[in-house]
Amino acid sequence: MIESILVYSGTAFLLYLLAKSAANRESVCGGKISFGCPEFILSICLFGFITGARYGVGVDYPTYLDVYQRIQNNLSITRDTFEPGFVFVTKLFASHGVHYFFYFALWGILQFFFIYYALKDRKFLLPYVALCIMLNSAFFLNWMNGIRQCLAICAFVFLIKFIVERKLSKYIVGVLLLTLIHRSAILLLPFYFLPYNKIILNKKYLNVSILLCCVFIGIVPSWLHAMTNFSDLLGAIGYADYADQMSLMVSENLRETAWGPSRTSSFLVGCAIIWFYPDMVKFYKGDRYLPIYFFLFFIGMCLYNAFINTSHIFLRPIEYFTIFKLPLIAYLLYYLKQNGNNIAFLLISVLTFSQIFIEVYKAVAQPVEASKYCLYKFFFQ
């Protein structure tokens with residue numbers, strides 16, 4: 001427990017200091033600091049070390065490690081549905097006898113890189129983003145679990161650049177490249193064409209009401225029996241194992257998700273983003289990314305709460321939208337700080353940055369099979 005707390009909080013603190021240094025230097029000099037500045041290089045190396053040196057962090061970690069070691073030892077792998085890009089990288093490392101530290105570090109570096117690079121021109125957000133990645137369980141622990149899809153999810157944040165700049169060909173190429181890592185990325189193609197500038201989500205009471213309706217719908221999701229019609233689609237986007245069990249999932253695998261500390265705090269932070277969004281639009285006037293981030297986040301939060309009591313297979317594609325909570329938390333905290341709203345700033349910070357500690361505590365106080373994967377361990381231990 002202590003080791004996990006030290007690793008997560010220590011990494012978050014160092015990443016925060018590095019991001020803060022880069023943001024301050026850029027503010028002082030009045031110009032743009034290169035993404036290749038020492039602070040960012042050190043941040044990427046630090047995150048790469050933490051993701052590479054871990055052992056057993058992330059529920060899917062044993063599967064990824066087993067695949068890597070079987071290829072390294074010229075053994076057949078039990079699953080043949082991995083995407084070609086993922087297989088190529090895995091075989092490239094494994095066939096040359098590279099230690100799995102560097103293999104896992106690579107995936108972590110790529111995830112981290114896409115998020116930071118997407119926000120490189122808004123460096124004032126990065127100190128809060130750094131804290132969020134490590135201290136909010138929705139990000140680091142999730143990235144360490146579904147490595148392939150989470151890489152595509154992080155890259156989607158970067159691809160928003162091509163939506164803003166209306167560069168369709170680059171967006172399509174980017175999405176198609178991501179499908180080589182996880183086929184579900186093909187779902188991102190239509191989101192280029194949404195009329196983001198015509199859908200104005202600045203009615204806070206209406207937005208909260210829509211969200212609450214989705215929460216109510218998610219309490220008893222019996223309507224999901226209609227989802228059996230989409231089993232072929234699930235198979236096509238990389239969820240074939242689940243598509244075969246679709247009928248079982250919508251009939252017997254429905255669940256009741258409790259409003260525990262993690263879910264409650266995450267929900268309240270999401271509500272705060274929705275509530276303050278109209279004010280943030282005025283504060284960040286001219287920011288063309290903010291409306292798109294919020295639109296996709298709002299879709300994700302509504303869908304997440306509507307599907308929360310179903311099998312997790314329905315929640316996996318929704319993560320392409322809930323990822324935008326990461327930059328929006330940073331937008332919100334920076335806005336509250338600059339406007340002197342210290343009480344709201346403190347409350348949101350506590351709710352956001354305490355989640356990883358709650359998960360670690362639960363893993364120790366009420367140990368179950370799944371919870372042990374949030375406890376940090378070094379591979380050499």
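Analyst: A residue is called buried when its relative accessible area is under 20%, and exposed when that area is over 50%. The coordinates come from a predicted model.

User: What makes Gln355 buried rather than exposed?

Analyst: Gln355 has a relative accessible area of 3%. The cut-off for buried is under 20%, and therefore Gln355 counts as buried. Gln355 is placed in helix α19, which covers residues 355-365.

User: Which residues are in contact with Gln355, leaving aside its neighbours within four places in sequence?

Analyst: They are Leu135, Asn136, Ser137, Ala138, Ser262, Ser265 and Ser266. With Ser137 there is also a polar contact of 3.5 Å between the two side chains. The limit for a polar contact is within 3.5 Å, and the value for Gln355 and Ser137 is given as 3.5 Å.

User: Why are α5 and α6 called roughly antiparallel?

Analyst: Helix α5 (residues 100-118) and helix α6 (residues 126-135) pack at an angle of about 155°. Angles over 145 degrees count as roughly antiparallel, and the pair α5 and α6 is therefore given that description. Their axes lie 11 Å apart, and the crossing is right-handed.

User: Which residues form the contact of α5 with α6, and what is its make-up by class?

Analyst: From α5, Phe112, Ile115 and Tyr116 take part, and they meet Leu126, Val129, Ala130 and Ile133 of α6. By class, this contact has seven nonpolar residues, with no polar and no charged ones.

User: How do you know that α6 is mostly covered?

Analyst: Ten of the ten residues of α6 are buried. Among them are Pro127, Tyr128, Cys132 and Met134. Each is thus under the 20% limit that the term buried requires.

User: What is known of the packing of α6 with α18?

Analyst: Helix α18 spans residues 342-353, and its axis comes within 9 Å of that of α6, with a crossing of roughly 35°. Tyr128, Leu131, Cys132 and Leu135 in α6 meet Phe345, Thr352 and Phe353 in α18. The residues of this contact divide into six nonpolar, one polar and no charged.

User: What makes Ile153 buried or exposed, and where does Ile153 lie?

Analyst: Ile153 lies in helix α8. Its relative accessibility is 2%; the limit for buried is under 20%, so Ile153 counts as buried. Not counting residues up to four places away in sequence, Ile153 touches Glu319, Tyr320 and Ile323. The C-alpha atoms of Ile153 and Phe114 are separated by 9.4 Å, and the two residues are 39 apart along the chain.

User: Why is Arg166 called partly exposed, and what is the value of its phi?

Analyst: Arg166 has a relative accessible area of 48%. Buried requires under 20% and exposed over 50%, so Arg166 is partly exposed. Phi of Arg166 is near 55°, a positive value in a residue other than glycine. Most residues other than glycine have a negative phi. Arg166 is located in the loop between α8 (147-164) and α9 (168-178).

User: How many helices and strands are there in the chain, and what share of its residues counts as buried?

Analyst: The chain has 19 helices and zero strands. Of its 381 residues, 53% count as buried. Among contacts between residues at least 6 apart in sequence, 77% join residues at least 24 apart.

Conventions. Residues are numbered from 1 along each chain as its sequence is written. This is a predicted model: local features need pLDDT of at least 70, side-chain atom pairs count only at pLDDT 80 or more; totals for chains, interfaces and linings use all residues. Side-chain values use heavy atoms; hydrogens and water are left out. Helices (H or I, at least four residues) and strands (E, at least two) are DSSP runs, numbered from the N terminus. Buried means under 20% relative accessible area, exposed over 50%, partly exposed in between (1.4 Å probe, protein chains only). A polar contact is a pair of N or O atoms within 3.5 Å; within protein, one must be able to donate a hydrogen and the other to accept it, and residues adjacent in sequence count only if both atoms are side-chain atoms. Contact means heavy atoms within 4.5 Å. Axes are lines fitted to C-alpha atoms, for helices over the stretch in contact, and angles run from 0 to 180 degrees between N-to-C directions. Angles under 35 degrees count as roughly parallel, over 145 as roughly antiparallel, 65 to 115 as roughly perpendicular and the rest as oblique. A crossing is left-handed if the near helix is turned anticlockwise from the far one by less than a right angle, and right-handed if clockwise. Ala, Val, Leu, Ile, Met, Phe, Trp, Tyr, Cys and Pro count as nonpolar, Asp, Glu, Lys and Arg as charged, and the others, Gly among them, as polar.
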